[in-house]
Amino acid sequence: STVGRQCRFIKEVGKGRFGSVWKATWFGDPIAVKIFSTIEENSWMREAEIYQTTLLRHDGILGFIAADIGGTGTSTNMILVMEYHEYGSLFDFLQERRLDAALMLRLMHTFVAGLCHLHTEIIGSQGKPPIAHRDLKTKNILVKGNLTCCIADLGHCARYLSERNEIDLGYQTGLVGTKRYMPPEVVTQTVVQTTFEALKAADMYNVALILWEIARCGVCCGESYTYQYPYQQELPVDPSVQHVYHVICVLGIRPTIPGRWQYDPTFKALARIMTECWSADWQCRQSALRVKKTLAFLTENCLSGK
Ligand SMILES: Nc1cccc(Nc2ncnc3c2C(=O)CC=N3)c1
């Protein structure tokens with residue numbers, strides 16, 4: 001493949017469920033190359049298809065450069081070429097870092113703005129369908145050089161095709177996503193994800209967990225916490241669906257909101273977003289647009305030093 005031949009591979013930077021990601025250069029410019037094995041063709045196809053959705057270009061979405069397929073006779077290499085981000089995932093970024101309020105809100109606001117773009121339908125010939133991510137987590141969000149976030153790993157997305165009133169689930173039906181992050185209605189498979197509203201609301205449960213992960217690293221009243229996975233105290237590494245069901249549906253456990261967050265207006269407002277968005281009732285959760293507006297307001301207030 002022409003793209004493949006012009007790439008100089010530098011180092012492996014990530015290993016996803018599907019494919020491995022390499023830092024490479026293309027005529028000197030840094031690029032990220034995700035390489036899929038032959039059996040992962042569906043994932044490559046889906047991710048390439050979604051990234052090439054018209055009008056999907058947005059600062060909060062990982063920038064797509066090219067999709068390519070090349071064969072050496074015996075094996076077929078499918079690759080995705082994306083813009084490269086040195087900081088890596090938001091998960092990596094949060095490991096050893098205390099965030100001041102401005103940086104904390106910047107990361108939150110730009111992540112939610114990206115999701116809002118995904119969720120929003122743009123009507124018209126050059127429009128875009130609403131898209132639900134279905135596997136949001138800090139490992140699927142990248143931190144750009146200007147300390148803003150962009151959403152990656154669109155291989156599990158669902159699209160709503162309004163002219164046919166049809167949901168395109170891609171190749172992924174049934175249980176999709178990372179078990180630790182699955183909302184109650186997905187774990188119990190109660191709400192057959194028929195309505196697209198339910199799919200967007202499932203993303204908002206993940207937003208609540210991700211905002212909690214980021215906020216814990218934020219300095220509140222002079223203190224911050226070390227990074228924790230959601231349900232780190234309650235769930236083992238690679239939990240079973242049954243275990244997740246017991247913790248979040250039977251015991252009704254949710255991440256702990258530190259008491260001190262009630263004494264800081266910014267953290268108090270963030271706590272309210274988290275609590276409403278991890279509600280067991282998906283219809284109570286706030287929309288991405290609602291959360292984006294609140295984060296924009298908090299950012300403005302914080303910058304003006306209120
Ligand atoms: N969805 C998708 C498709 C192709 C590459 C990727 N990953 C990345 N893209 C850009 N910069 C990165 C990464 C990493 O994984 C880690 C570090 N920097 C995701």
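This is a predicted model: local features need pLDDT of at least 70, side-chain atom pairs count only at pLDDT 80 or more; totals for chains, interfaces and linings use all residues.

Biologist: Thanks. Which side chain N or O atom is 2.5 Å from a nitrogen atom of the ligand?
Modeller: That one belongs to Glu47. With the pair 2.5 Å apart, it counts as a polar contact because the cut-off is 3.5 Å.

Biologist: And what about Asp153 and His85, which parts of them face a ligand nitrogen?
Modeller: For Asp153, an N or O atom in the side chain lies 2.8 Å from a nitrogen atom of the ligand. His85 uses a polar backbone atom instead, 2.9 Å from a ligand nitrogen.

Biologist: How much of the ligand's accessible area does the protein cover?
Modeller: The protein covers 93% of the 420 Å² that the ligand has on its own.

Biologist: Where does the ligand sit?
Modeller: In the largest pocket. Strands β3 (29-36) and β5 (76-83) and helix α2 (41-51) each give two or more residues to the shell around the ligand.

Biologist: How many residues surround the ligand, and of which classes?
Modeller: There are 15 residues around the ligand, with Met82 and Glu83 among the closest. By class, the shell has nine nonpolar, four charged and two polar residues.

Biologist: Switching topic: how many salt bridges does the structure hold?
Modeller: Twelve. One of them joins the side chains of Asp168 and Arg46, at 3.0 Å from N to O.

Biologist: Where are those two in the chain?
Modeller: Asp168 is in strand β10 (residues 166-168) and Arg46 in helix α2, so this pair links distant parts of the chain, 122 residues apart.

Definitions and conventions. Residues are numbered from 1 along each chain as its sequence is written. Side-chain values use heavy atoms; hydrogens and water are left out. A residue is near a molecule or strand if one of its heavy atoms lies within 4 Å of it. A polar contact is a pair of N or O atoms within 3.5 Å; within protein, one must be able to donate a hydrogen and the other to accept it, and residues adjacent in sequence count only if both atoms are side-chain atoms. Accessible areas come from the Shrake-Rupley method with a 1.4 Å probe; for residues, only the protein chains shown count as cover. On a 1 Å grid over the protein atoms alone, a cavity is a set of points where a 1.4 Å probe fits but cannot get out, and a pocket is an open set with protein on both sides within 12 Å along at least five of seven lines; lining residues have an atom within 4 Å of a point. A molecule sits in a cavity or pocket if more than half of its atoms lie within 2 Å of its grid points. Helices (H or I, at least four residues) and strands (E, at least two) are DSSP runs, numbered from the N terminus. Ala, Val, Leu, Ile, Met, Phe, Trp, Tyr, Cys and Pro count as nonpolar, Asp, Glu, Lys and Arg as charged, and the others, Gly among them, as polar. A salt bridge is a side-chain nitrogen of Lys or Arg within 4 Å of a carboxyl oxygen of Asp or Glu.
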